[in-house]
There are 4 protein chains.
Amino acid sequence: MDYVYGPGRNHLFVPGPVNIPDQVIRAMNRNNEDYRSPAIPALTKILLEDVKKIFKTTTGTPFLIPTTGTGAWESALTNTLSPGDRTISFMIGQFSLLWIDQQQRLGFNVDVVESEWGQGANLDILASKLAADTAHTIKAVCIVHNETATGVTNNLARVRKILDDYRHPALILVDGVSSICALDFRMDEWGVDVALTGSQKALSLPTGMGIVCASPKALEASKTSKSYKVFFDWKDYLKFYQMGTYWPYTPSIQLLYGLRAALDLIFEEGLDNVIARHNRLATGTRLAVEAWGLKNCTQKEEWFSDTVTAVVVPPYIESSEIVRRAWKRYNLSLGLGLNKVAGKVFRIGHLGNLNELQLLGCLAGVEMVLKDVGYPIKLGSGVGAASAYFQNTTPLIASRI
Amino acid sequence: MDYVYGPGRNHLFVPGPVNIPDQVIRAMNRNNEDYRSPAIPALTKILLEDVKKIFKTTTGTPFLIPTTGTGAWESALTNTLSPGDRTISFMIGQFSLLWIDQQQRLGFNVDVVESEWGQGANLDILASKLAADTAHTIKAVCIVHNETATGVTNNLARVRKILDDYRHPALILVDGVSSICALDFRMDEWGVDVALTGSQKALSLPTGMGIVCASPKALEASKTSKSYKVFFDWKDYLKFYQMGTYWPYTPSIQLLYGLRAALDLIFEEGLDNVIARHNRLATGTRLAVEAWGLKNCTQKEEWFSDTVTAVVVPPYIESSEIVRRAWKRYNLSLGLGLNKVAGKVFRIGHLGNLNELQLLGCLAGVEMVLKDVGYPIKLGSGVGAASAYFQNTTPLIASRI
Amino acid sequence: MDYVYGPGRNHLFVPGPVNIPDQVIRAMNRNNEDYRSPAIPALTKILLEDVKKIFKTTTGTPFLIPTTGTGAWESALTNTLSPGDRTISFMIGQFSLLWIDQQQRLGFNVDVVESEWGQGANLDILASKLAADTAHTIKAVCIVHNETATGVTNNLARVRKILDDYRHPALILVDGVSSICALDFRMDEWGVDVALTGSQKALSLPTGMGIVCASPKALEASKTSKSYKVFFDWKDYLKFYQMGTYWPYTPSIQLLYGLRAALDLIFEEGLDNVIARHNRLATGTRLAVEAWGLKNCTQKEEWFSDTVTAVVVPPYIESSEIVRRAWKRYNLSLGLGLNKVAGKVFRIGHLGNLNELQLLGCLAGVEMVLKDVGYPIKLGSGVGAASAYFQNTTPLIASRI
Amino acid sequence: MDYVYGPGRNHLFVPGPVNIPDQVIRAMNRNNEDYRSPAIPALTKILLEDVKKIFKTTTGTPFLIPTTGTGAWESALTNTLSPGDRTISFMIGQFSLLWIDQQQRLGFNVDVVESEWGQGANLDILASKLAADTAHTIKAVCIVHNETATGVTNNLARVRKILDDYRHPALILVDGVSSICALDFRMDEWGVDVALTGSQKALSLPTGMGIVCASPKALEASKTSKSYKVFFDWKDYLKFYQMGTYWPYTPSIQLLYGLRAALDLIFEEGLDNVIARHNRLATGTRLAVEAWGLKNCTQKEEWFSDTVTAVVVPPYIESSEIVRRAWKRYNLSLGLGLNKVAGKVFRIGHLGNLNELQLLGCLAGVEMVLKDVGYPIKLGSGVGAASAYFQNTTPLIASRI
């Protein structure tokens, strides 16, 4: 089983799946249970209430679906749209690309707004398209909050504003896979209609739970959607919500208890503190990249992602070699460059249940690998730059004051 | 978290999710890993080979999908059929009913063959329908191998024979959720085109992995299927199989290691010994039911299920009261009667990683609950009947001889 | 590692180590921690308060020693006595024999009061010895509360009374290894001076923590004890208690968190309910033995143990054969007969975190094994007898009402 | 339970208890078992063979005692010596001090050879004492291989040579608590008579197993030792070794399986590679200390410890403040200065299952804390110095080449 053994811990810095806290691993270390006993509905009921908090919604309806982010996407689309419906979607990296591919294959009429990889969604084009769409043929604006492939965060508040400016009724569907619970996300305030994430990202759980949250307007839209779906159909969930048994099919008992533990940790730290911690770790990472003399794939500061940093390597280096060596020599797992940026960037995921010293260990590892592959780096430079920031900004651990 | 605490172990005898062996719980007790490192594809490659053995296929192509049985159904249907396609489907209990409902909602033209609940699929009608279908409008025969709601096992070998008799090219799609890895199932020999199960059943894992296996003929059919799907699309898997990276989206690291451990246990015991053990435990259960003077919901011996027994209670007893009391007083989880047989039957699941004494503890519990609700039972009678059978048939544990 | 694999759970019915509840296994599933950080002393402080409750003492001082029951014995003796000191000790089974052996080897002058195995301590002889000892040469009365080898419980209240009757100042040292937290034990009320148990018994933890509780009188005695000891020396603990750091050497972090979880479960159930449950399970076991037509090794009801039952087998059966077969065929672990009763009895441990159906599964297993070895048993008879008792006496699980 | 929660992992760099590898945590995540079944003796038999390898002995007899290092000390002493026996013992730090205290309290006549803390054992004085002891009144030389309080490693080969030079028959008793399985240790080659370690040190297990290994000469000495002992008496173990049941009292099932897993990891990496890794990590640490402009408490390179580094802080800093802040702000656990060096040093433990990036994370944390307390450090300097060394010396992970 453990044929991949290396001494000491694996340093997991891919942008998902991320490190699971010990408390959550413990909570999931358990046998199955009958999900039809009174215990599981009671647990579920509270989870559904609590999970709304990470979306910052009071009016949304959450669904805990035994699937991945890809399934969560499909759930968002097939419940709110009908084949042929026009959507606007922004192609800015590999994950927005995959979502657009899904939208097309599910039969929607996707109006793709493309940007260079490393840039955010082009919201000016969104504005002009909405302005032109007086007939309201656009049914939904689909946008990735944080593009994991390039480390680009889009401005959702502005998306809302543009729709409001044009009084356009299109739904806003948000892929929050690598943002929710890590970046500032406000479902109600920003009028997001469907938001979704996956358990293995900022929630720091294993893969296997797609969490989708629907606004009242999205629920209304779902009543007339003509997309074929059963597994992802919200109606089945809603029927069981009404009955108080909650589950149209068998949930993972372990993930339910794991989610309970994960939320407990997040609430203990405080969601806003969690978000601040992500900003702190990301800032440190960016300072390290700067100290190394390398470039962030993200072209402007307004798009900087606090959950993942894509680092551009010099042309004479193949970035996958960095990832390969990090794993083989230092037990460090970094993210590959994908598709258009394959070979050109490597990625440092800094999301989930993580702290300063873990990240500094990662940065030290990146430095050694950069030197291994021939980049003229001063060892300790990035760690020092990040440390200087952390030393001034890291708060005392609340429970230990 | 453990607000449902009761002293001692929970006795889990619902027909899924079932007891997870300690070895598997241990194997899953782990942090996430980068699924793009060399380790996970290496693990996956062997799993895909090994999982074929539980289907008894050498020509099939397995898919390990992060979903439940319901999703596995959807995968089987949407990859092989197009909206409007005619299927034959047998309504014999709650799970065949739900599958039929799914087939209809996904846009197929379902020809439903209904039987009384407690009876097997009416294969004579299948024969006559195939005989009449010289134009081969029937694209697939959809059949539940083991109907979990009533404890009825269908004769798949005969389904094959009937199709062969009429040289009918329809695909055979089999729901093996509560059969595969517990009942005698032979994908290649019986010419099954798609077979599927869920991790939380006989494999004795947590919920979260739908395992679907496709014959070459099913793969061929998938090339022309016009059903909309992305998450469940086999093509995405096949593309990644070719690349040797295996995963179109993030798998559950824990379930992969868990599956490895589960298969190791099954192979150590021997699949045929596992099947024989299920028959032994089921026979003991049926002897107990007989000793109690109660009736098996399954009307004929040829349909007796070796994974679940639905027990008919006298009319003056509400069967859900039995389930409720078992859980509240004896920490025993039994299966409810569902839909048409709600209130009329309770179910004893005897599948997965289970042994004689666990089952005898369950049977003793059922006896006490039956007495609690006023059924005139002789305490110890069922246990004694089952014990007499076990005492003559239980082999020595192989590793301890 | 798991070369001893058998399908399903092991049924662990030796009188220790006993089944660990899942909640405790989870709590112990963790990495090491620095025991000198503020966290571990804070945890320890509360544990020391809470552990007194299972001794029913408010004046006692507990020590959580990284050792076994044998070490706990040594701690009790070497801290309160000096070489050459006279003790009275009762030889009634293998564990009292071993304790006496220890007392002799540690240099004490042991006055052994022997009873037939299966009988309790002869307290009449105690009375006469105390009566004769007007010079108070007897420094301690050493008594096993529950002799695990024979299933005999001694009457500690009467020991106290006899000492009081003769106004004898001897200390009472009690081996409560298989009693405390399962049988009625009252340290303060009965004036016990040192009481001890091991983590792997009724507390349902792994082996590794000897829990010793000393009365003020015992602490006073420890100041003048001349026995050589360092590891077991209470003075080192007391010094660290004063400093608030608690640990003279490294504790097991896992066992501390495990003890916390174990106590939480005991307090949730209620200690008196735990004791009542032990009595219920023991009564059921004894009714089964009676139904089988076999004899309890314990000769009188007043000595019946609620934590272990030693069952006498007919002369033509070798009891170790029963234990051997139970393990090899039914994955059932029973206790061997030890020393004088080797081959003549087998033992059913019914202590710790256990419930009715677990025990009934065990009893069903014993029945089959008895038949296997040629004893003319009616299968189901013992289970039926125990069930009849349980069905009338088992309360609803408190958290599920 | 988790009231000490802080985000991300705890960085455990005390010199014991150390980080437990996930593989070992998994192996220990289990229920109790009957230790008298055939399985546990079979497991024990192999463990006893395998554990000899970490002592580099073929002639030694190991004992796996449910105790701590302090208990292992007591076992070594009380089995080989009698009260009044003369020992030579070296006082060079807190742990040698505690061992000397134990020797005195157990009644031995200890001839203490004192060195300044930060120096190794004064072997010249040993030589002169042995030279003078023509009557062979010295029964044992007791020496700590690695003094954990100061990070000083003694030269055991020279101890052997001195004894040989004077043909002195004294036993060599070695405290290998923070050395065995991490430093070069050769029981047979160096003629060590008793060597001992604790599970929570380089073996990377929880606390609770004292591992003591006795040479044939030590076993011979144990036959005539007059020290009182029962729990620690080797004779009881030897009796059970002969019977093939191995355990005079109940072992921790979890620690046995844990030891199996720990040894598997050590053998997979290769013991000499483990030792080389400890040297590499220690060298990196020392280079960092140098880069910070701080002094190693160890006064000469010949004594440098590869398992722990005690760092001397400037007089204007209280070292415990460093430890306190590291834990409160960065979730970093460092070792306090003890006794004579309290307030003057803090310690970095770099032993057990650990790798380069974990250590670099720790070093980065130390840098920030040093700055926090006002030491004029250049952030990144130590990390850079250690990285430069690691980048040149870290081998590829064997299983990943």
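**Reading a predicted complex**

Modeller: Let us start with one pair: the side chains of Asp22(D) and Arg9(A) meet in a salt bridge, at 3.3 Å from N to O. A salt bridge here is a side-chain nitrogen of Lys or Arg within 4 Å of a carboxyl oxygen of Asp or Glu. This is a predicted model, in which local features need pLDDT of at least 70 and side-chain atom pairs count only at pLDDT 80 or more, while totals for chains, interfaces and linings use all residues. Residues are numbered from 1 along each chain as its sequence is written, chains are lettered from A and ligands numbered from 1 in the order in which they are written, and side-chain values use heavy atoms, with hydrogens and water left out.

Biologist: How many salt bridges are there between chain A and chain D, and how many residue pairs are in polar contact across that interface?

Modeller: The count between chain A and chain D is two salt bridges, and the rule finds 29 residue pairs in polar contact across the interface, both residues being at pLDDT 80 or more. A polar contact is a pair of N or O atoms within 3.5 Å; within protein, one must be able to donate a hydrogen and the other to accept it, and residues adjacent in sequence count only if both atoms are side-chain atoms. On the side of chain A that touches chain D, the largest share, nine residues, comes from helix 12 of chain A; helices (H or I, at least four residues) and strands (E, at least two) are DSSP runs, numbered from the N terminus.

Biologist: What is the area buried between chain A and chain D?

Modeller: The size of an interface is often given as the accessible area lost when the parts come together. Between chain A and chain D about 5100 Å² is buried, and carbon and sulfur atoms give 54% of that area; the value (1.4 Å probe) is summed over both parts. In terms of contact, meaning heavy atoms within 4.5 Å, 51 residues of chain A touch 51 residues of chain D.

Biologist: Where is His350(D) placed, and is His350(D) buried or exposed?

Modeller: His350(D) sits in the loop between strand 14 (345-349) and helix 12 (356-372) of chain D. With a relative accessible area of 0%, His350(D) is buried, where buried means under 20%, exposed over 50%, and partly exposed in between (1.4 Å probe, protein chains only). A polar atom of the His350(D) side chain lies 3.2 Å from the backbone oxygen of Asp306(D).

Biologist: How confident is the predictor?

Modeller: The pLDDT is the predictor's confidence in each residue, from 0 to 100. Chain A has a mean pLDDT of 97, and 99% of its residues reach 70 or more, while the complex is given an ipTM of 0.98 and a pTM of 0.98.

Notes. Buried area is the accessible area (1.4 Å probe) that two parts lose on being put together, summed over both.
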